[in-house]
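Let's take a friendly tour of a protein fold, one topic at a time. Have a look at the sequence and the 3D view first.

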Amino acid sequence: MSFREIIGHRRPLEILRKAMLRGRLAHAYLFTGPDGVGKRTTALKFAKAVLCGKGDGDSCGECSSCLKMESLNHPDLLVVEPRGGQILVDQVREVQDRLLFRPLEGEARMIILDSAHNLNPQASNALLKILEEPPRGNIFVLVASSESSLLPTIVSRCQRLYFGPLMDHEVMGFLVKRLGWEEERAREVARQARGSISAALELGDKPLRAWKEEARRILEMGRDEKSSPLLNLASAWSKERKETMERLECLRMEIREALVQEARRRPTDSGPREIRARRVEELLWMWRESGKTIQALERNMNVQLAMEELLIRFHEIKSSGKRSLYLTWIRRS
Ligand SMILES: [Zn+2]
């Protein structure tokens with residue numbers, strides 16, 4: 001695979017391609033953005049293109065450099081990854097020792113620091129020293145989830161490129177074209193993957209269909225039902241934080257779907273106007289509350305508590321009588 005075959009990320013790729021064509025590469029790049037959108041893949045394909053003998057802004061896939069890159073066996077490629085959750089100072093010193101020598105095969109050496117947000121303090125300081133006076137011909141690519149987890153002095157020495165979430169159709173395209181998934185399954189998974197290929201691959205192994213059924217049961221739950229079936233669901237959901245968040249995302253997809261259905265209905269289709277208005281209010285409220293729960297889970301709130309709270313709120317929404325939910329919702333915002 002070459003640089004131009006990377007999915008999405010038009011802007012950062014264009015910046016890198018132009019720099020390669022003009023022969024004006026920065027000595028350090030920082031790729032940031034959410035997990036699973038292709039930052040590491042881009043770093044490797046960028047390195048391959050820079051090291052390729054052809055030098056036309058992409059890799060040729062045929063020269064000896066490209067073949068060595070395919071097997072990640074290029075003497076002028078260094079990839080540093082966390083050991084036991086951290087990048088240690090010794091790993092940075094090893095890089096430093098290599099920089100004493102010129103690149104072995106061509107004019108450039110590429111150093112990729114994967115998960116650079118895991119540099120520990122000593123390693124960060126050692127890296128900063130290198131970036132302050134980088135020996136010529138060495139190009140660093142730091143791959144990190146966010147800038148804020150790095151020393152500001154390191155960030156300021158890098159050209160920063162942001163890799164945002166992919167579009168749903170890009171994720172779907174990857175699943176269908178590269179992995180040969182059937183379209184319907186790919187579409188379903190892509191819609192829930194929040195623009196992340198790795199999330200899509202994880203979701204691919206999960207019972208999405210069962211989750212959707214479960215979400216529909218919650219949305220269709222009658223006003224008179226007691227809260228216990230919801231609480232049972234909460235305890236089934238709460239085993240794992242990440243999975244709970246995925247199931248909530250699934251619920252939100254169903255809420256969105258239901259809102260679209262409501263909007264498409266003709267006035268006479270579903271009874272008196274106030275009943276429909278109430279249904280829409282209910283859905284909007286559920287949308288908002290489930291979004292808040294996802295945020296709370298991201299902030300590490302106890303999963304069981306968060307889910308019980310959400311489901312009690314859902315029950316209140318379903319059972320509260322004449323009061324206008326929408327007005328209450330506006331007041332709360
Ligand atoms: Zn090549």
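Below are some notes on a sheet and some helices.

This is a predicted model, where local features need pLDDT of at least 70, side-chain atom pairs count only at pLDDT 80 or more, and totals for chains, interfaces and linings use all residues. Residues are numbered from 1 along each chain as its sequence is written. Helices (H or I, at least four residues) and strands (E, at least two) are DSSP runs, numbered from the N terminus.

**The sheet**
- Five strands form an open sheet in the order β2-β3-β4-β1-β5, with parallel pairing; two strands pair if DSSP finds at least two bridges between them.
- At the edges sit β2 (77–80) and β5 (159–162), each pairing on one side only.
- β1 (residues 28–32) pairs with β5 in the parallel sense over 4 bridges, and Tyr-29 has Gln-159 in β5 as its bridge partner.

**A helix across the sheet**
- Helix α4 (residues 89–99) lies across β2, β3 (109–113) and β4 (138–144), and runs at about 170 degrees to β2.
- Axes are lines fitted to C-alpha atoms, for helices over the stretch in contact, and angles run from 0 to 180 degrees between N-to-C directions.

**A helix pair**
- The axes of α13 (residues 273–298) and α14 (residues 303–319) come within 10 Å and cross at roughly 170 degrees.
- That makes α13 roughly antiparallel to α14 (the label for angles over 145 degrees).
- Among the residues that meet are Trp-285 and Met-286 in α13, and Leu-310 and Phe-314 in α14; contact means C-beta atoms, placed from the backbone, within 7 Å.

Methods: Angles under 35 degrees count as roughly parallel, over 145 as roughly antiparallel, 65 to 115 as roughly perpendicular and the rest as oblique. Two residues are in contact if their C-beta atoms, placed from the backbone, lie within 7 Å.
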